[in-house]
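Please examine the sequence and the model shown here. A short report accompanies them.

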Amino acid sequence: MTATTIKHRKRTQTVMLAVMAASLIITLGFLVALLTFIGARGLPVVSFEFITQMPRRAMTTGGIMPAILGTLYLVIGSGSISTLLGVATAVYLAEYAHNGTIVRLIRIGIDNLAGVPSVVFGLFGLAVFVKLLGFGVSILSGSLTLAIVVLPTVIRSAEEAIRSAPQSYREASLALGATKWQTVRYAVLPSAVPGILTGCILAVARAAGETAPIMLTAATFFTTRLPSSIFDEAQALAYHIFALVTEGTRPEAQAPIAYGAAFVLLALVVGLNAAAIALRARYEKS
Amino acid sequence: MVAGVEAYAVRGAGSRNTGRRRWRRRQRRLSETAVHTLLAAAAASSLVFLMSMILVIFQQAAPAVIAIGPAELILGKDWYPTSDPPSFGALPLLAASAAVTVGAITIAVPLGLLSALFISQILPSRARSIIKPAVELLAGLPSVVYGLFGMGLIAPLTMRVFRLPTGLTAFTASIVLGIMALPTVAAVAEDAFSSVPRAYKEASLALGATMWETISKVLVPAAAPGVVAAVLLGVGRAMGETMAVLMVAGGAAVIPRSMFQPARPITATIAAEMGETPVGSLHYHSLFALAAMLFIMTAAFNFAAEVLARRLRTQIGGDAR
């Protein structure tokens, strides 16, 4: 092998390493650019009054308290439905089910629905919860729709966490005379909790940011009052941002409110993601 | 006498014990069955939820497919749902979806794959534990925030750089979608590259290959199904994205002649028109037909990706890591 080919190979190596590094820097650059842009435009708008007051003068001034509250309602509603149903389904799939037809059907359903666009779920929610079951455009309809959007993700991550509990835990517990459920409850689940929790937090973060599923089932732009029951429609941060910049009547006054709302939403979503990442890091260490 | 009493007492206590034990055992068995039934019921209702979702979309789409005809619906060149007589040809919408998806993929795939290679092969593990979550965070940000970012920064930039009348074009949407699909491609590809056994890499390096030769000639071919899966999932993500596209693509329902014109992909059409459509009208059902098309396309991409990822696992699985 001549010296020139070796030199050539080394040069290719250097160039390609630089290209790879540059790609990663561009990728991270997008993240930094987005966070900086929203931060620079949004942070000056955010104040205590902005977070705690009602909007005034046809959404051109005032705060975004109803939107924050609405997002919290939707997140709590969809989070509790998807967590209860998803974790129970995951326990069944991982610990109880034999590999029969039903289990295969659920797997196919989960695999196919995890990547389905959220606007399709929105149509489903509109047809079933809003119209067929008569819940109307309401917090209940929106929560149910969002719960179905995140359900496949919750089931998947919870099942993975439960399956990764060491087999020796189950064997030791059963050998001591514990029943199946006692084994699951006291030996398997405690070691799977961090993994399950991580999945649920990420699902909640996703639900908080979803717009398409709630724009047809729960969200409203103009309101003068707060929702008083789960059958009322509500403002929500994500939809509020969209409505302010696309349906607003006075863009120059409403765009800053949209950036402020986007900053609040980002803070919520980034905070939840950070919590999930920290939790997972601690869990992987132990 | 005394012995008999003792024996009786012992027997009595014993039988009481057996009784209680039997009762406890029955109760335990009962609660076991109850828990099992409850969990099975939860799994069944998850199944019902997920399956009814598919059923409802197709059932609501059926009237439109029957009334309009599948050929006209897919190949018709005019989407004028509210004019008289209305026209429901989804070709402009499909073309717009294809255009922005292809644009997004040309950005997301090279950047995503190269980033994934750098993260999985070059970065030391401490740096990786910081960079990986950052890329995941990019995937977790709400799409409406991406839309705002596109409207506020990328659209004005596009308008100024290319001297266009409006910045809300298929090109702008492609950039925003590309950024959104990028972390999906990177994460799936990173998984694929990391799952290639260490021995492959070590053997190649030991034979005198450079790091780049090892990557391009050993690692990428070994992880090929996973790489294809990453691209397919990126396509699915870009095609199904709604809010960002609705906000930055501009929304003209004509077949785009260039990337620098406004366009209206399928997802944006559904989201924009559903709010103003009377329930049960032909327009209403035609939007479900669009959703069904979207569902079929994304499900096909996801299914193919799933199959490929599984093949990668069985191909490499069992080898020493």
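This is a predicted model: local features need pLDDT of at least 70, side-chain atom pairs count only at pLDDT 80 or more; totals for chains, interfaces and linings use all residues.

Residues are numbered from 1 along each chain as its sequence is written, and chains are lettered from A in the order in which they are written.

Chain A contains 11 helices and two strands; helices (H or I, at least four residues) and strands (E, at least two) are DSSP runs, numbered from the N terminus. Some overall values for chain A follow.

| Property of chain A | Value |
|---|---|
| Box of C-alpha atoms along the principal axes | roughly 70 × 65 × 35 Å |
| Radius of gyration, over C-alpha atoms | 24 Å |
| Buried share of the 286 residues | 50% |

A residue is buried if 20 or more other C-beta atoms, placed from the backbone, lie within 10 Å of its own. In α4(A), the buried residues are Ile106(A), Gly109(A), Ile110(A), Asn112(A) and Leu113(A).

Two residues are in contact if their C-beta atoms, placed from the backbone, lie within 7 Å. Chain A supplies 75 residues to the contact between the chains and chain B supplies 70 residues. On the side of chain A, helix α1 (residues 3–42) gives the most, with 20 residues.

A nonpolar core is a set of buried Ala, Val, Leu, Ile, Met, Phe, Trp, Tyr and Cys residues joined through C-beta atoms within 7 Å. The largest one has 198 residues, and Val185(B) is among the members that touch the most others. Beyond four places in sequence, Val185(B) contacts residues including Ala108(B), Leu113(B) and Val231(B).

How values were computed:
A residue is buried if 20 or more other C-beta atoms lie within 10 Å of its own, exposed if 12 or fewer, and partly exposed in between; C-beta atoms are placed from the backbone. The radius of gyration is taken over C-alpha atoms; the globule rule is 2.2 Å times the number of residues to the power 0.38.
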